[in-house]
Amino acid sequence: MSLLIRNGRVVTAVDDYHADIFVEDETVSLIGRNLDVEADRTIDAAGRLVIPGGVDPHTHMDMPFGGTTSADDFETGTRAAAFGGTTTIVDFAIQTKGHSTLEGLETWHEKAAGKAGIDYGFHMIVTDMEDDRLWEMRRLADEGVTSYKMFMAYPGVLYVDDGTLFRAMRKAGEDGTLVCMHAENGIVIDEIVKIALAEGKTAPKYHALTRPTRMEAEGVHRSIAIAEVAGVPVYIVHLSCADALEQVTLARDRGAQVFAETCPQYLFLDLSHYDHDDFEGAKYVMTPPLREKWNQEHLWRGLGFGDLQSISTDHCPFCFKDQKVLGIDDFSKIPNGGPGVENRMSLVYNGGVVGGRLSVNKFVELTSTAAAKLFGLFPKKGTIAVGSDADIVVFNPERRETISIDNPHTHHMNVDYNAYEGTEVQGVSEIVISRGRVVVEDNIWHGRAGGGNFIKRGLFGGPF
Ligand code: URP
Ligand code: ZN
Ligand code: ZN
């Protein structure tokens with residue numbers, strides 16, 4: 001099977017030129033002007049950007065959490081991702097406390113195999129790590145799971161203490177892998193939550209008001225300090241505010257191997273989304289919570305100047321009616337997380353490129369290339385180059401859509417609300433190609449459950 005994409009404006013993290021792209025089977029085999037080749041199918045991309053498929057390094061499909069399970073599984077979630085121009089996700093397998101991480105990996109392979117419609121990898125969430133199990137970490141790396149996530153939040157659930165953090169970080173550093181951190185002081189936050197509940201403050205907005213930015217900044221500072229001593233690069237996930245960003249900037253300025261992502265919810269939504277008398281604010285109960293709006297310009301500046309390397313979604317949807325409602329009388333019981341995997345590329349293009357904050361190359365870097373490099377997927381993923389996987393998006397930079405659960409062009413996620421309801425965006429993924437196969441065209445799904453492959457990722461390739 002061969003595919004010729006003609007007349008497009010090819011944009012990678014560094015290039016911007018007009019050319020034809022010839023794809024044979026799963027990979028790009030030729031790039032040039034007016035290519036003289038025969039193809040099984042030709043796509044005319046005149047007036048369109050031709051960009052690498054998005055890489056979303058932070059999703060939670062089919063994740064048991066908060067007494068329920070995230071509403072998208074690997075089939076619905078990866079299909080929705082593809083509609084939005086994302087062709088690779090890195091999801092999180094979870095180690096059950098007291099059990100092997102390798103068992104956790106097996107469970108997540110079973111969840112994804114035969115379901116994922118685009119390629120995927122796994123990080124491993126480490127929930128405990130005794131000395132006699134440290135050897136597993138190298139095995140995970142050999143299996144292509146070359147990054148771990150640990151939580152300073154959620155005591156009694158996913159939380160690990162600083163000793164565990166250090167032990168696992170030291171081994172991860174020895175093995176050449178990367179540690180992802182959920183950086184928040186969960187112990188102090190739980191005390192603040194107890195006080196709020198005792199005062200009868202049970203509404204969704206108290207989820208945000210009990211998680212001060214200082215406690216995120218403290219977690220960022222502490223995890224970086226421990227990582228520096230342990231000798232491992234650290235990647236701060238879902239960074240939400242200026243306070244936390246300052247800690248990343250300070251560390252990077254002194255040369256520490258520190259990386260961080262933010263997410264569309266922290267760039268486009270804010271604390272005012274909790275201002276409802278009814279339960280509506282539960283839609284935005286996620287951790288870290290939405291912050292005061294002024295933080296957003298700091299995050300954009302961090303993205304523009306390179307202190308934040310990537311934009312992921314932390315896609316972890318729960319239905320408003322059936323799942324968020326678990327916390328109707330107590331905000332601390334609302335399942336934490338929100339949807340977004342489908343809307344990321346359009347939101348970032350609109351807010352970044354159309355909004356004059358990012359170059360088009362930077363847009364590609366933040367939504368695809370940087371995550372591919374950090375997480376051992378590059379140059380297979382994250383760029384358009386001869387030999388790379390033909391994960392390609394034909395992106396219309398002029399087309400506008402209003403994001404809504406009722407707009408069939410913007411919502412395929414298996415969740416009963418859209419966090420960006422009513423937001424108008426300019427820039428839409430029109431044709432999405434995953435390893436040489438057109439999986440989305442004319443807003444129709446042409447892929448198949450099981451069409452996505454598990455990708456064994458390489459070791460951390462830094463320093464960057
Ligand atoms: O609220 C969130 N972020 N839910 C998903 C779990 C996590 O902490 O990433
Ligand atoms: Zn987290
Ligand atoms: Zn997450």
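Helices (H or I, at least four residues) and strands (E, at least two) are taken here as DSSP runs, numbered from the N terminus, and axes are lines fitted to C-alpha atoms, for helices over the stretch in contact, with angles running from 0 to 180 degrees between N-to-C directions. The structure is a predicted model, in which local features need pLDDT of at least 70 and side-chain atom pairs count only at pLDDT 80 or more, whereas totals for chains, interfaces and linings use all residues. Residues are numbered from 1 along each chain as its sequence is written, chains are lettered from A and ligands numbered from 1 in the order in which they are written, and side-chain values use heavy atoms, with hydrogens and water left out.

Helix α2 (residues 101-112) and helix α3 (residues 135-142) have axes that come within 9 Å and cross at roughly 30 degrees, which makes α2 roughly parallel to α3 (angles under 35 degrees). In this pairing, T101, L102 and L105 of α2 meet W135, E136, R139 and L140 of α3, where contact means heavy atoms within 4.5 Å.

Around ligand 1 there are 14 residues (each with a heavy atom within 4 Å), of which K149, Y154, T287, D314 and N336 come nearest. Among the polar contacts, which are pairs of N or O atoms within 3.5 Å, an N or O atom in the side chain of K149 is 2.9 Å from an oxygen atom of ligand 1, and a polar side-chain atom of H182 lies 3.1 Å from an oxygen atom of the ligand. A polar backbone atom of N336 is 3.0 Å from a nitrogen atom of ligand 1. Taken alone, ligand 1 exposes 270 Å², by the Shrake-Rupley method with a 1.4 Å probe, and the protein buries 100% of that area.

Most residues other than glycine have a negative phi, and most peptide bonds are trans. T287 and P288, however, are joined by a cis peptide bond with omega of about -5 degrees, and P288 is placed in the loop between α9 (264-268) and α10 (295-305). The peptide bond from F378 to P379 is also cis, with omega near 0 degrees.

Definitions and conventions: Angles under 35 degrees count as roughly parallel, over 145 as roughly antiparallel, 65 to 115 as roughly perpendicular and the rest as oblique. A polar contact is a pair of N or O atoms within 3.5 Å; within protein, one must be able to donate a hydrogen and the other to accept it, and residues adjacent in sequence count only if both atoms are side-chain atoms.
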